[in-house]
Amino acid sequence: MFLKNAWYVGAWDTEIGRQNLLRRTLLNEPVVFYRQEDGTPVALEDKCAHRHAPLSEGKLVGDMIQCPYHGLEYNSDGDCVRVPGQSNVPPGCRVRSYPVVERNHWIWLWMGDPALADPDDIEDFHWMDDPGWRAKGELMHLKADYKLLVENLLDLSHLSYIHATTLGTSAVAETPMSVDRSDSHVTVTRWVMDSTPPPFFEKAGGFAPDEHVDRWQHITWTPPAFVRLDVGAAKAGTGAKEGDRSQGITMRNLNAITPETDKTTHYFWAQAHDFRLDEPWITDLLVANIHEAFLEDLEIIGLQQINIDSGTTQPRIDINHDGGGLQAIRTLEAMIDAENDPGAGQTAQAAE
Amino acid sequence: MFLKNAWYVGAWDTEIGRQNLLRRTLLNEPVVFYRQEDGTPVALEDKCAHRHAPLSEGKLVGDMIQCPYHGLEYNSDGDCVRVPGQSNVPPGCRVRSYPVVERNHWIWLWMGDPALADPDDIEDFHWMDDPGWRAKGELMHLKADYKLLVENLLDLSHLSYIHATTLGTSAVAETPMSVDRSDSHVTVTRWVMDSTPPPFFEKAGGFAPDEHVDRWQHITWTPPAFVRLDVGAAKAGTGAKEGDRSQGITMRNLNAITPETDKTTHYFWAQAHDFRLDEPWITDLLVANIHEAFLEDLEIIGLQQINIDSGTTQPRIDINHDGGGLQAIRTLEAMIDAENDPGAGQTAQAAE
Amino acid sequence: MFLKNAWYVGAWDTEIGRQNLLRRTLLNEPVVFYRQEDGTPVALEDKCAHRHAPLSEGKLVGDMIQCPYHGLEYNSDGDCVRVPGQSNVPPGCRVRSYPVVERNHWIWLWMGDPALADPDDIEDFHWMDDPGWRAKGELMHLKADYKLLVENLLDLSHLSYIHATTLGTSAVAETPMSVDRSDSHVTVTRWVMDSTPPPFFEKAGGFAPDEHVDRWQHITWTPPAFVRLDVGAAKAGTGAKEGDRSQGITMRNLNAITPETDKTTHYFWAQAHDFRLDEPWITDLLVANIHEAFLEDLEIIGLQQINIDSGTTQPRIDINHDGGGLQAIRTLEAMIDAENDPGAGQTAQAAE
């Protein structure tokens, strides 16, 4: 079960247009994306009301999308406005239209009750196109439950193992984290003090070989599956932990996770930085290193899913580092329960 | 659920012989086809009664088929007649034998109660080997429920969309059809008057460039899934609609649709024509054009099936052009219901 | 359902070590094999207790196996002994450890209650490393229920059909077998007297061209799925049946069958011989011929499984040659029933 009344990222802005109609399965539902003649993005159920052919195989006629099979045409509200061979449109002939907003280079859509869709509720990803930052990213595909990826990002102790040769150093896993939780977010904070940075930090930050740094990871989860990381490092002992980051580099790792099906996931992410903005190779260096590390994650999480699905699986044993992930998943599942049974949800909250 | 007490096409005559034993799944049942020494076709359950090995991997011993695993031999009635290492055949050692008739280049078999199999009930496809006609065809494979293909053929308004660049012109979808129904067939008729023909009609019919034609489509469905089309075109205004086809060309598009499984289908078809019989390139031209168009159909219908099976699927909305398809599917489903519960079927008919 | 309280072969001794951790699914459970620093083999559940990642993707740290995801370490008893970032190990943090014995070049493991595991119960395969014999074998994979392979080996009449051009001669299937059964084994015996041997028998045994032999097959099944064959041939009429094998050759075909899943199987086998021990090409000749024949078996049994799973499958018809297989499968199923419901098992035995 998914949280329906929520904004999700459905596509990168560059993925949709007027030529290739984009079909993408989101929360088990097939969706077609296109742009109207004025550029406004549209997201419709990709299933003609007549005989259920995929509209994404059809073509655009002005702002209408025409079914490839028998030529029915739909407007951006999902209403059928033309049926070949007859002058009237049958009552109820429509497909679902999803509220859509284009923001921060992503196409956001609302998968639940359209009456509840408020663009003000879209998560803040201003680093994607803030002039004070440079950002770049991509879409990856995960063969696993999206919640496994949320947990992955909320416990970076895995850097010491999965990413031992890329992002990690053994010091990360040995450093405890602190967890802060509210109704609407979970934040995990870890400071790895006076230790060696990973190689690409050294290169991007201009640290001397073997120079020690103070490294921070502030990870914020918001529902259903957004994880924003404030990460960076400064020369050891120059006061970064007290707020002076002038001797270091600051980045944002920005993750928007959208379920495709129960056990597959669309993974939208970008890396932003606020230093050396006139050196594009820095952005490319960061993205290339994160890309390589994320491939390592997706492989392990895919195997984790296969393992969960095979043989007998015992309940999970939790360790200290799981604090953030447990809080996030518990919060998310309570929201999903409340959405599916509003009455019961309130009682449960009162009883807590 | 399928209609069992019916003749289906199981193979082309050229597909079966004495060397390669043909295994083919029909209505979810594996069947093996071969010919006896005198050429008579045989269709048996492709599953040895002993340990269920496929007989089609074995070989012929005279008119017997020998199991590849332990050598049991069956005659054309499906009775085991020899068990190696013992002199008696155990009681009940037999496989199912299907009534078979070779007619009009197709191998027909009866999938239900053999006592009800009457060769006189085989559908008329005499155009396949009538000296007044030339015909040619093939077997295609569809990844979808066979009923979706029946519907496809009963509403040719899709020619204007799927086959916009091959068989179709936009005029087709805009022209209404008339539907005629009896207990045993549905006929859909459409006349597209005074319009441009598709390119291969022009070539085969010798029409002048840009010459207008009167084009007809008489489509007859008979259960379970045979669709015969009387199609053609004559110079506009030369009286074709009134019966004078002398200024035009007449063809038969002949379709025998056999379910393979619940969601896959064997599609046997041929195209026949009664003009320019001494010019084989005409037949080849017609078949090549229909082949290309049918590939377009199979692709869309395959996607239609995927879409029906994914996400939430609302009830279908019917339009005017669906009249023929709705009547056919309703008739077929009533026949299947009656076959599975004869008593209930009669009551339902009485109550209608 | 499988017999759990039993020793199974999980791997060849050469398959496991300290570099590539071997993941193998056995009886539907993922297992990881490795060796401790002193060479002792270990078999653990391949699923970290924490977040269920496969340990086989991790690495060895001394005698511990380290999870690839968050670095938890387990000892050979399956107990977690280290959790990065904390000083205590949470209670219950362990994976299943399987009793393991390395014997006769195979790694044996016990899949049921460890308290019942007695190495003395391991089946005798001493021919694998007895100085009086030479043996060689391999691991093959079958896409079918392991019981179908047990049946295959207990009725060699299939040699006349599946292996008509390799191991078989038509005389085999025509010769009756005798069956001997106890609570713990089934033995099938067949003597094919005064007939031509298959080509590789001729070569290995040094028989003259067209010389006739007396050929024996003593096949012993023990539960759950071990089949040992004492096979060979001697010059016809030289008294082999009475016990004098001096004019012939004797081999052991040794089969250890381990279910992978309900419908896939690991097939460990070897061929041993006690003659011409200083001529390694003899061993290679035997293994190459058996390998080719077993490929033929696996193909037919795979198709048999597909057939059983498709369409309507009637109950099996038994023939005389099935005696051994029927006794073995009946014995095995009674053992599985008794294991799953010990009380009911006793009642059933009393009532028999």
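## Close-up views of a predicted three-chain model

**View 1. Helix α1 against helix α4 in chain C.** L148(C), L149(C) and N152(C) in α1(C) meet D297(C), I301(C), Q304(C) and Q305(C) in α4(C), where contact requires that the C-beta atoms of two residues, placed from the backbone, lie within 7 Å. By class, these contact residues comprise 3 nonpolar, 3 polar and 1 charged; Ala, Val, Leu, Ile, Met, Phe, Trp, Tyr, Cys and Pro are counted as nonpolar, Asp, Glu, Lys and Arg as charged, and the others, Gly among them, as polar. The model is a predicted one, in which local features need pLDDT of at least 70 and side-chain atom pairs count only at pLDDT 80 or more, whereas totals for chains, interfaces and linings use all residues. Residues are numbered from 1 along each chain as its sequence is written, and chains are lettered from A and ligands numbered from 1 in the order in which they are written.

View 2. The axes of α1 (residues 146-154) and α4 (residues 280-308) of chain C come within 10 Å and cross at roughly 130°; the axes are lines fitted to C-alpha atoms, for helices over the stretch in contact, and the angles run from 0 to 180 degrees between N-to-C directions. α1(C) and α4(C) are therefore oblique to each other, given that angles under 35 degrees count as roughly parallel, over 145 as roughly antiparallel, 65 to 115 as roughly perpendicular and the rest as oblique. The crossing of α1(C) past α4(C) is right-handed, the term for a near helix turned clockwise from the far one by less than a right angle, with anticlockwise giving left-handed. Helices (H or I, at least four residues) and strands (E, at least two) are DSSP runs numbered from the N terminus.

**View 3. The two domains of chain A.** Chain A is divided into domain 1 (7-121) and domain 2 (132-336), with bounds from an automatic or database domain assignment. Their C-alpha centres lie 34 Å apart, and 9 residues of domain 1 of chain A are in contact with 7 residues of domain 2 of chain A. On the domain 1 side, β1 (7-12) and β2 (22-26) of chain A each supply at least two residues, and β1(A) gives the most, with 4 residues. That side of domain 1 has 6 nonpolar, 3 polar and no charged residues.

**View 4. The side of chain A that touches chain C.** Here 25 residues of chain A are in contact with 23 residues of chain C. On the side of chain A, α2 (170-174) and α4 (280-308) each supply at least two residues, and α4(A) gives the most, with 5 residues. By class, this side of chain A has 9 nonpolar, 13 polar and 3 charged residues.

**View 5. Chains B and C about the rotation axis.** Chain B can be laid on chain C with an RMSD of 0.0 Å by a turn of 120° and a shift of 0.1 Å along the axis, the superposition being by least squares on the C-alpha atoms of residues with pLDDT of at least 70 in both copies. The two copies are thus related as by a three-fold rotation axis. Of the residues of chain B, D309(B) comes closest to this axis, at 13 Å (C-alpha). Between these chains, 23 residues of chain B are in contact with 24 residues of chain C, and the chain B side has 10 nonpolar, 9 polar and 4 charged residues.
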